[in-house]
Structure formats: C-alpha cells, structure tokens
Amino acid sequence: MSRNLIIGGVMTVFFIGLAILSFLWTPYNIETLDIPNKLHPPDGTNVLGTDQFGRDILSMIMMGARTSIAVALVAVGIGMGLGIPLGLLAAARKGSLLDELIMRGNDLVFAFPSLVIAILITAVFGASAVNAIIAIGIFNIPVFARLARGAALPLWERDFILAARVCGKSATRISVEHILPNITNLMIVQGTIQFSLGILAEAALSYIGLGAQPPTASWGRMLADAQTLVSIAPHTALVPGFAILLMVLGLNLLGDGLRDWLDPRIRVARV
C-alpha cells in the first residue's frame, strides 16, 4: 500500500473515530453555557480552549465531526445510489433518447454551481442538515452518472461483454454482473473525492447559516461564530479551520492511495 493510502486512512479514521466517540462521550456538554469561562485559551482544563459561550471546543469539534461526516456520507450515498444506475442505463442505451435525456439532464445540473444550487434549495425549503444533505446529494448524482457512463462505454466493446450478449443476457443483467464490478474501483475513488467535497459543502452552508442549526454543532458554524473573535481568541477559528483542512486532506490522500492500490496497471508497473 502506498504512503498516501496509509496517511490518508489514518487521518480519516481518526476523525471518524472522534465522530463515533461523540455518541458515547464528550469532555463537556456542548449545550451547557459557561459564560464566566468564555474564550479561555487551551489549557489543562479545556485542551482546545472555549468559545464565546464558554463551551469546550474539543467537544464541539467531536460533535461537529459527527454532523459533517453524516451529511457528506448520506449525500454521497444518494449520489452513488442514483447516479451509478443512471450512468449504467445511459451506457447500455447509448445513442437512444433515454441516453440523451439522462446526459442532458446532467448537463443542466452542471450548468449551475453546486453551492448556488445548495443555497437555493436550503433557502426555499429552510435551513437544516436534512436540506443540506438533499442539496449536496442532488449535485452528486450527475457526477457519478457521467463517470459511470464514461467508464462503462469502453467495456461494452470488450469480448467478454459480447460473449455475454451472445449467451442471451439482457442489458440490465450485463450491467449488474459484468460492467458494475469492473468500474467499482473507480466509483470508490470518486466517492472519497466527493466525500471531501461534501465536507466542504456542509461547512460552507453552515457558515452562511443554511446548514445544521444550533444547538447542533458544525465546523462551518464554529467558523462563522469565530470570525469576529480572531484578534482576541484566534483558537476559536484556527481549531475548526484545521479540522476541516485535515479531514479534507486525509480524504484526498485516501482517494489518491486507493486509486493506486485498486488500479492493477499501476501495481504491475511498480512491480
């Protein structure tokens, strides 16, 4: 396994571990305000300091990791669950009206910036983590649809696919039994990339007040609350900022390492 895969995996597992641990334990209750102890720098009592309401920042980071990972994970799941079947269907019906409808629909979604679509949806239906998931998930659908179609089209010309067609297998069965297993590694790598983009999108929506709402903790919300406190309490902005940075960096390294590990051509070249 490559160095990127190991480093990225360790960083990703660390934040996932924090999110899971937050279900069982946090150093302090984030819903309890302690105004006399607000804006304390990191010390032995509060490892990462406190915010403007006296809440423990480490506990907020743990709870925020749970929110960010949950939103990004479900959004990527929506994208993969709907986008991959659409892409496989378009590849199986290449040149047909159905193929054109699917791909032109993808182009329509890509014509608008993802963040603008997310802002529009959350502004119309209300600010919440659920609406943020829907907004991010909608943009992930055409990403996976286009990637699945592009990866599947060359496979339809391969000899083993022609043999399956001669045996009388339907296009749907060929897509499920032969095409999908051969593009799974590509979908996994793209999934890690979209996961990191989902983390950033959730943080951006929460930063402008359209994501998870208080008292639910969110890294983006923490940055928004700390933007006026940087000069007097820089740790309130640096900690969530570095959390987002390290989480996204870890996922990108993981995706890069998975690409090398799952691609047999790269393994053979290394050997």
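Me: Where is Asn 46 found, and what makes it buried?

Reply: This is a predicted model, so take everything here as computed from it. Asn 46 sits in the loop between α1 (3-24) and α2 (57-92). Its relative accessibility is 9%, and buried means under 20%, so Asn 46 counts as buried.

Me: Which residues is Asn 46 in contact with, leaving aside its neighbours within four places in sequence?

Reply: Tyr 28, Pro 41 and Asp 56. Tyr 28 is 18 residues from Asn 46 in sequence, and the two C-alpha atoms are 9.2 Å apart in space.

Me: What does the side chain of Thr 67 have 2.8 Å from one of its polar atoms?

Reply: The backbone oxygen of Ala 217. The cut-off for a polar contact is 3.5 Å, and 2.8 Å is within that. Not counting residues up to four places away in sequence, Thr 67 touches Glu 202, Ala 212, Thr 216 and Ala 217.

Me: On to Trp 156. Where does it lie, and how do you know whether it is buried or exposed?

Reply: Trp 156 is in the loop between α5 and α6 (159-166). The value is 8% relative accessibility; under 20% means buried, so Trp 156 gets that label.

Me: What does Trp 156 touch, not counting residues up to four places away in sequence?

Reply: Ala 91, Ala 92, Ile 161, Leu 162, Arg 165, Ala 171, Ile 174, Ser 175 and Ile 179. Take Ile 179: it is 23 residues from Trp 156 in sequence and 7.9 Å away in space, C-alpha to C-alpha.

Me: What makes α5 mostly covered?

Reply: The count: 19 of the 27 residues of α5 are buried. Helix α5 covers residues 129-155 and reaches 39 Å from its first C-alpha to its last, close to the 39 Å expected at 1.5 Å a residue.

Me: Why is the meeting of Asp 99 and Arg 149 called a salt bridge?

Reply: The N to O distance between their side chains is 3.0 Å, and the rule asks for a side-chain nitrogen of Lys or Arg within 4 Å of a carboxyl oxygen of Asp or Glu. So the pair qualifies. It links distant parts of the chain, with Asp 99 in helix α3 (residues 97-110) and Arg 149 in helix α5, 50 residues apart. Asp 99 and Arg 149 are both buried.

Me: How many salt bridges does this rule give?

Reply: Nine. One of them joins Arg 104 and Asp 107 at 2.8 Å, N to O. Both lie in helix α3, three residues apart, about one turn of the helix. Arg 104 and Asp 107 also belong to a network of salt bridges with Glu 100 and Arg 146.

Me: What makes Arg 104 partly exposed?

Reply: Its relative accessible area is 43%. Buried needs under 20% and exposed needs over 50%, so 43% puts Arg 104 in between. Asp 107, at 29%, counts as partly exposed too.

Me: How many residues apart are Arg 173 and Glu 177 in helix α7 (residues 171-207)?

Reply: Four, so about one helical turn separates them. Residues three or four places apart in an α-helix point the same way, because there are 3.6 residues a turn. The closest N and O atoms of Arg 173 and Glu 177 are 2.9 Å apart, within the 4 Å limit, hence a salt bridge. Arg 173 is partly exposed at 43%, and Glu 177 is partly exposed at 37%.

Me: Last one: which residues make the nonpolar surface patch, and why does Phe 242 qualify as partly exposed?

Reply: Leu 238, Phe 242, Leu 245, Leu 246 and Leu 249 make the patch, about 450 Å². Phe 242 is in helix α9 (residues 235-262). Its relative accessibility is 46%, which falls between the 20% and 50% limits, so Phe 242 counts as partly exposed. A patch residue needs over 30%, and 46% clears that.

Terms used:
Residues numbered from 1 in each chain as written. Predicted model: local features only at pLDDT ≥ 70, side-chain atom pairs only at ≥ 80, totals over all residues. Heavy atoms only, no water. Patch = residues over 30% accessible without salt bridge, like charges linked within 9 Å, V, L, I, M, F, W, Y side chains within 5 Å. Areas by Shrake-Rupley, 256 points an atom, 1.4 Å probe, with all protein chains shown as cover. Helix = DSSP H or I, 4+ residues; strand = E, 2+ residues; numbered from the N terminus. Buried < 20%, exposed > 50% of the residue type's maximum accessible area, 1.4 Å probe, protein only. Expected span 1.5 Å × (residues − 1). Contact = heavy atoms within 4.5 Å. Polar contact = N/O pair within 3.5 Å; in protein donor to acceptor, adjacent residues only side chain to side chain.
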